Amino acid sequence: MLVLDHVSIAVPDLAAARPFYDAIMAALGVGKVYDRPDALGYGVRCTAIEDFHSCLAVYAAAEATGDDRRHWCFKASTRAQVRAFHAAGLAHGGRDNGAPGLRPHYHADYYGAFLYDPAGNRVEAVCHRGE
């Protein structure tokens, strides 16, 4: 069962965040559902018929701050997607916070990569499947 329907990330500069989020979401195979002057949206919105989707919103907020206790983790279907997420993020203004690799302290097949977005938000991609 999915716990989250949608989540939001705040950034002070949407123009700087746009290439980063476009790139990491594309690397994970997640499409953009809207692009407005004040917000970006990725994923699939729920409907009355299909309520099993999830959506990410990235909002412009002048007082947005990065805090390491806040962390957004995105599911990847393959380890290759995790690697692509990390490379795309680095190429589009992100900073490394943990290279792609196994994190066996979570479980034997936990394969994740961690980044800071251009605003300092911590994001991760994880694949729970074996190679």
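The radius of gyration is taken here over C-alpha atoms, and the globule rule is 2.2 Å times the number of residues to the power 0.38. For 131 residues, a compact globule would come out near 14 Å; the protein has 14 Å, which agrees. This is a predicted model: local features need pLDDT of at least 70, side-chain atom pairs count only at pLDDT 80 or more, and totals for chains, interfaces and linings use all residues. Residues are numbered from 1 along each chain as its sequence is written, and side-chain values use heavy atoms, with hydrogens and water left out.

**Overall build**

- The protein has two helices and eight strands. Helices (H or I, at least four residues) and strands (E, at least two) are DSSP runs, numbered from the N terminus.
- Along the sequence the order is β-α-β-β-β-β-α-β-β-β.
- Taken along the principal axes, the C-alpha atoms fill a box of roughly 40 × 40 × 25 Å.
- Of the 131 residues, 40% count as buried. Buried means under 20% relative accessible area, exposed over 50%, and partly exposed in between (1.4 Å probe, protein chains only).
- Contact means heavy atoms within 4.5 Å. Among contacts between residues at least 6 apart in sequence, 55% join residues at least 24 apart.

**Surface and charge**

- The protein exposes about 7,200 Å², and carbon and sulfur atoms supply 55% of it. Accessible areas come from the Shrake-Rupley method with a 1.4 Å probe; for residues, only the protein chains shown count as cover.
- There are 13 positive and 15 negative side chains, and the centres of the two sets lie 3 Å apart. Lys and Arg count as positive and Asp and Glu as negative; His and the chain ends are not counted. Each charge is placed at NZ of Lys, CZ of Arg, CG of Asp or CD of Glu.

- Two strands pair if DSSP finds at least two bridges between them. Strand β5 (residues 71-75) runs parallel to β8 (residues 122-127), joined by five bridges.
- Tryptophan 72 has valine 123 in β8 as its bridge partner. Cysteine 73 stands opposite glutamate 124 in β8.
- Trp72 and Phe74 make up the covered face of β5; His71, Cys73 and Lys75 make up the uncovered one.
- Strand β7 (residues 111-116) is antiparallel to β8, with six bridges. Tyrosine 116 is paired with arginine 122 in β8.
- β7 and β8 form a hairpin with five residues between them, and glycine 120 in the turn has a positive phi of about 100°.

**The β2-β3 hairpin**

- Strands β2 (residues 32-36) and β3 (residues 39-43) run antiparallel and share four bridges.
- Two residues lie between them in the hairpin. Tyrosine 34 has glycine 41 in β3 as its bridge partner.

**Individual residues**

- Histidine 86 lies in helix α2 (residues 79-91). Its relative accessible area is 7%, so histidine 86 is buried.
- Beyond neighbours within four places in sequence, histidine 86 is in contact with Asp96, Gly98, Ala99, Pro100, Ala113, Phe114 and Leu115.
- Alanine 91 is also in helix α2. At 58% relative accessible area, alanine 91 is exposed. Its C-alpha atom is 9.4 Å from that of proline 19, 72 residues apart along the chain.
- Aspartate 13 sits in the loop between β1 (6-11) and α1 (14-27). With 41% relative accessibility, aspartate 13 counts as partly exposed.
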